[in-house]
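Subject: Structure for you to look at

Hello,

Here is the structure I said I would pass on. My notes follow below it.

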Amino acid sequence: MKDNKKKFHIITFGCQMNVADSEMIAGALMKLGYEKTDSKSEADLVLINTCAVRTKPEAKVYSHLGDLIKLKDVNPSLIVGICGCVAQKERENIIKRFPYVDLVFGPKSIGELPRLLELADKAVAKKLKILSEMKSQGNEKANLKMRRKLKGARIYGDFENTGDNLPEKDVARESSFKAYVTIMRGCNNFCSYCVVPYTRGREQSRPFDVILSEVRQLVESGYKEITLLGQNVNSYNGGGGETFADLLEKIDAIEGRFYVRFMTSHPKDLSDRLIDVMASARHVAPHIHLPFQSGSTRILELMNRKYTREHYLGLIDKIKSRIPGVTLTTDVIAGFAQETEEDFNDTVSLLNFVRFDSAFLFFYSEREGTAALSIPGAVPLETRLERLERLVKIQMDITFDINRSMAGEIHEGIVEAPAPKSKKELSIRTFDNHVVIARAPAAGIDFIGSFVKVKITEGFNFVLKGDIIEY
Ligand code: SAH
Ligand code: SF4
Ligand code: F3S
């Protein structure tokens, strides 16, 4: 029997926030009677959830869009939508450049989906009517040309939306054991290079009790890893003065076997109390992602980061001494405006001094509308790339060293997936956030989503190898 349900396909770029938003969009669509498909060509609705943080992810969106017009040739009733951060930032430009796009909405207007889709459906029905009239006049080839010329439905979300009506209860999670929980949206920090405050709007924390009961329910229904999300979780405000440390403490008190992770922390707001809560927690993973961006206080000031190199190093010192064995990761930008070789060396020395377990390294990418555009003294692109390359080499050596030194250690973790290269192996994420590849200890058992103990046998550049010793 043919399934008459409409099908959707979502392509997601960007950070975990976008992944979480896509899960919310999926949930909202399922509530409207849609069903998910992994195949674009089977879909009645294809959405691209976009990222605008650097030039590269934004460019990827445009190349995907080029492909979608071909799908429209085959299926003229296909609705193509752009959402997420590029949609928020570019709005009309998208429709101007890609007139066949039907639907454009930003991260805060996900709650409007039912209304937007109804409008898009109506517009597409009208278009189909015109097409069938054209068909009745013959000339298939001319029709194809006409079809391409026919504009998309041009339905826009409300870009000034406050995001108060998001369908947060409808999240359709991809995984049955890992869950993202958005605790706050938006950002107030306006780091001078960053587009996020413009695409996501002002910071809004979700109520304390709502988050707590959501996490409790997730744990009760078998989720084993909860990741709390926000652009700057350390400035969380639960509504009654509750801080992020309070939230983490309360979540940690929930009974059950589960891990709690969170990201991202901003060095200017990470409190001593948070470090204390983490130090004595049972469920909170000993891992902090703490972007430093630049090791030079002068550049940090130009970046509007509101902390100094010394403050950052002081924090790291506290974290390392109170949470022994903590995993530290970071984000770094190479070649920001006015960055001299001396400033860059400060970044190098910070990387070498802290010895992060891993680091996300970027070269500075100018973003329209951000304050950094008016800072004189741009660093030439080749220099940015060359500096980035140097950072990559340095960090690779550090990660390799740390990985090698872990041989012999025993860690607890959750089996996340089959190993990417071999079906007989499993990929395990340890409590302290390292990835270990290990042979499946028994055939015929589905290990995905279960807790195991793994003994690390060897460390490589990007992964660790190990043996599962308990399951
Ligand atoms: N809210 C998080 C980060 C969000 S964006 C935080 O404050 O840490 C993720 C990372 O992208 C940033 O940490 C930064 O390193 C990088 N990034 C943001 N804007 C960038 C730009 N214009 N050019 C290069 N890298 C950028
Ligand atoms: Fe961007 Fe800074 Fe906000 Fe992070 S804290 S999202 S880098 S403005
Ligand atoms: Fe990208 Fe938007 Fe996240 S710009 S990094 S998807 S908040």
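Angles under 35 degrees count as roughly parallel. The model is predicted.

Helix pairs

Helix α12 (residues 309-322) packs with helix α13 (residues 341-354) at an angle of about 10°, and their axes are 12 Å apart. The two, α12 and α13, are therefore roughly parallel to each other. On the α12 side the contact is made by Arg 309, Tyr 312, Leu 313, Ile 316 and Lys 320, and on the α13 side by Asp 346, Ser 349, Leu 350, Phe 353 and Val 354. Sorted by class, the contact of α12 with α13 has 6 nonpolar, 1 polar and 3 charged residues.

Helix α12 also packs with α10, at an angle of about 20° and with the axes 10 Å apart. That angle makes α10 roughly parallel to α12. The crossing of α10 and α12 is right-handed. In α10, the residues Asp 272, Ile 275, Asp 276 and Ala 279 meet Lys 318, Ile 319 and Arg 322 of α12. The classes in the contact of α10 with α12 are 3 nonpolar, no polar and 4 charged residues.

A further pair is helix α8 (residues 208-220) with helix α9 (residues 244-252), which pack at an angle of about 30° with their axes 10 Å apart. By the cut-off above, α8 and α9 are therefore roughly parallel to each other. Their crossing, that of α8 and α9, is right-handed. Helix α8 contributes Phe 208, Ile 211, Leu 212 and Val 215 to the contact, and helix α9 contributes Asp 246, Leu 247, Lys 250 and Ile 251. The residues of the contact of α8 with α9 divide into 6 nonpolar, no polar and 2 charged.

Sheets

There is an open sheet of 6 strands, in the order β2-β1-β3-β4-β5-β6 and with parallel pairing. At its edges stand β2 (35-36) and β6 (155-156), each with a single partner strand, so one side of each is left without a neighbour in the sheet. Helix α1 (residues 16-31) packs on this sheet and touches β1 (7-12), β2, β3 (45-50), β4 and β5; the direction of α1 makes about 170° with that of β1. Within the sheet, strand β4 (residues 79-84) pairs with strand β5 (residues 103-105) in the parallel sense over 3 bridges. The bridge partner of Ile 82 in β5 is Val 104.

An open sheet of 3 strands runs in the order β7-β10-β11, again with parallel pairing. Its edge strands are β7 (178-182) and β11 (259-263), each of which pairs on one side only. From one strand to the next the twist averages 20°. Strand β7 pairs with strand β10 (residues 225-229) in the parallel sense over 5 bridges. For Lys 178, the bridge partner in β10 is Glu 225. Helix α9 packs on this sheet, where it touches β10 and β11, and the direction of α9 makes about 165° with that of β11.

Ligand surroundings

The residues that surround ligand 2 are Cys 187, Asn 189, Phe 190, Cys 191, Tyr 193, Cys 194, Val 196, Pro 197, Gln 231, His 266 and Arg 305. By class, this shell has 7 nonpolar, 3 polar and 1 charged residues.

Ligand 3 is surrounded by Cys 15, Asn 18, Thr 50, Cys 51, Ala 52, Val 53, Cys 85, Val 196, Arg 200 and Gln 231. The shell around ligand 3 has 6 nonpolar, 3 polar and 1 charged residues. Val 196 and Gln 231 are listed around ligand 2 and also around ligand 3.

Backbone points

Phe 190, which is one of the residues around ligand 2, has a positive phi of about 50° although it is not a glycine. Phe 190 lies in the loop between β8 (184-185) and α7 (196-200).

Met 263 and Thr 264 are joined by a cis peptide bond, with omega about 5°. Thr 264 is placed in the loop between β11 and α10 (272-280).

Regards

Methods: Residues are numbered from 1 along each chain as its sequence is written. Chains are lettered from A and ligands numbered from 1 in the order in which they are written. This is a predicted model: local features need pLDDT of at least 70, side-chain atom pairs count only at pLDDT 80 or more; totals for chains, interfaces and linings use all residues. Side-chain values use heavy atoms; hydrogens and water are left out. Axes are lines fitted to C-alpha atoms, for helices over the stretch in contact, and angles run from 0 to 180 degrees between N-to-C directions. Helices (H or I, at least four residues) and strands (E, at least two) are DSSP runs, numbered from the N terminus. Angles under 35 degrees count as roughly parallel, over 145 as roughly antiparallel, 65 to 115 as roughly perpendicular and the rest as oblique. A crossing is left-handed if the near helix is turned anticlockwise from the far one by less than a right angle, and right-handed if clockwise. Contact means heavy atoms within 4.5 Å. Ala, Val, Leu, Ile, Met, Phe, Trp, Tyr, Cys and Pro count as nonpolar, Asp, Glu, Lys and Arg as charged, and the others, Gly among them, as polar. A residue is near a molecule or strand if one of its heavy atoms lies within 4 Å of it. Two strands pair if DSSP finds at least two bridges between them.
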